Amino acid sequence: MKKITIAIDGFSSCGKSTMAKDLAREIGYIYVDTGAMYRSVTLFAMRNRMFNADGSIKTEELKQRMGEINISFRLNSETGRPDTYLNGELVEKEIRTMEVSSHVSPIAALPFVREALVAQQQAMGKEKGIIMDGRDIGTVVFPDAELKIFVTASAEVRAQRRYDELKAKGMPADFDDILKNVKERDYIDSHREVSPLRKADDAIELDNSNMTIAEQKAWLMQKFNEAAADR
């Protein structure tokens, strides 16, 4: 079976990453979490005090230092999933905090950040046999991807999932704060000037609000088999 490129886009906290990781492991593809890349840039900006007191970004400073940011992924032998490294440091836990979540959308909206990361993502996908998830994979990064999935779910369902995820990791979580963050990120992601979140014309929509993980896995595997068989 010929290798293909799989692009998974959608709103925050839809479970895109979990879905993409599981499928990649099942079919032996490389998985790239583009959200983790934007979160890593955000963490770098936070650590280097590139946010003003009002929450705005010191854009010129970040632009000048983008060359210092190296993001890589290494397979975790225990989980069987890739972990995110920022300049050689494991930051998988640090990039998943609510603080990073509340700062990532404005960082991801910066044209020079997107340009730098999209170039890296396209280089990663040259050989195909890759699954990437994010906001603009099917529209910008891989417009020619053989399989494009657009994932959606209600804001309340997504906030509950995020709340449960943080609680399970022993991290502080407030449902109302999370729901507010989910809605704010939806708006910013959909209305930004560069590569806004939108469903590609040839993407298949998946509303997983009321689906079990098993149902979602079966649906995805069916779509993959159909797309790979068509090549």
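Biologist: Ground rule first: buried is under 20% relative accessible area, exposed is over 50%, and partly exposed is in between. Where does Arg47 fall: buried, partly exposed or exposed?
Modeller: This is a predicted model, to be clear. Arg47 has a relative accessible area of 40%, so Arg47 is partly exposed.

Biologist: What does Arg47 form a salt bridge with?
Modeller: Glu89. The closest N and O atoms are 2.9 Å apart. The pair links distant parts of the chain, 42 residues apart: Arg47 sits in helix H2 and Glu89 in strand S5, residues 89-90.

Biologist: And Glu89, what about its accessibility?
Modeller: Glu89 has 33% relative accessible area, so Glu89 is partly exposed.

Biologist: How many salt bridges does the structure hold?
Modeller: 16. One of them joins Glu92 and Arg96, with the closest N and O atoms 2.8 Å apart. Glu92 is at 17%, so Glu92 counts as buried. Arg96 is buried too, at 12%.

Biologist: What about Glu146? Which side chain does it meet in a salt bridge?
Modeller: Lys128, at 2.9 Å, N to O. That pair also links distant parts of the chain, 18 residues apart. Glu146 is in the loop between H6 and S7, and Lys128 is in the loop between H5 and S6. Lys128 is at 32%, so Lys128 is partly exposed.

Biologist: New topic, the open sheet. What is the strand order?
Modeller: S2-S6-S1-S7-S8, five strands with parallel pairing. S2 (30-33) and S8 (204-207) are at the edges. Each has a single partner strand, so one side of each lacks a neighbour in the sheet. From one strand to the next, the twist averages 20 degrees.

Biologist: How many bridges between S2 and S6?
Modeller: Four, in the parallel sense. Tyr31 stands opposite Ile131 in S6.

Biologist: Which strands does H1 lie across?
Modeller: Helix H1, residues 16-27, lies across S1, S2, S6, S7 and S8. H1 runs at about 180 degrees to S6. Helix H9, residues 213-229, packs on the sheet too, touching S1, S7 and S8. The direction of H9 makes about 155 degrees with that of S7.

Biologist: Last one, H5. What span should its 14 residues have?
Modeller: 20 Å, at 1.5 Å a residue. The end C-alpha atoms are 20 Å apart, which agrees.

Biologist: Which residues of H5 are buried?
Modeller: Phe112, Val113, Arg114, Leu117, Val118 and Gln121.

Biologist: What covers them?
Modeller: The cover includes helices H2, H3, H4 and H6, plus strands S3 and S6.

Conventions:
Residues numbered from 1 in each chain as written. Predicted model: local features only at pLDDT ≥ 70, side-chain atom pairs only at ≥ 80, totals over all residues. Heavy atoms only, no water. Pairing = 2+ DSSP bridges. Helix = DSSP H or I, 4+ residues; strand = E, 2+ residues; numbered from the N terminus. Axes fitted to C-alpha atoms, helices over the stretch in contact; angles between N-to-C directions. Contact = heavy atoms within 4.5 Å. Expected span 1.5 Å × (residues − 1). Buried < 20%, exposed > 50% of the residue type's maximum accessible area, 1.4 Å probe, protein only. Salt bridge = Lys/Arg side-chain N within 4 Å of Asp/Glu carboxyl O.
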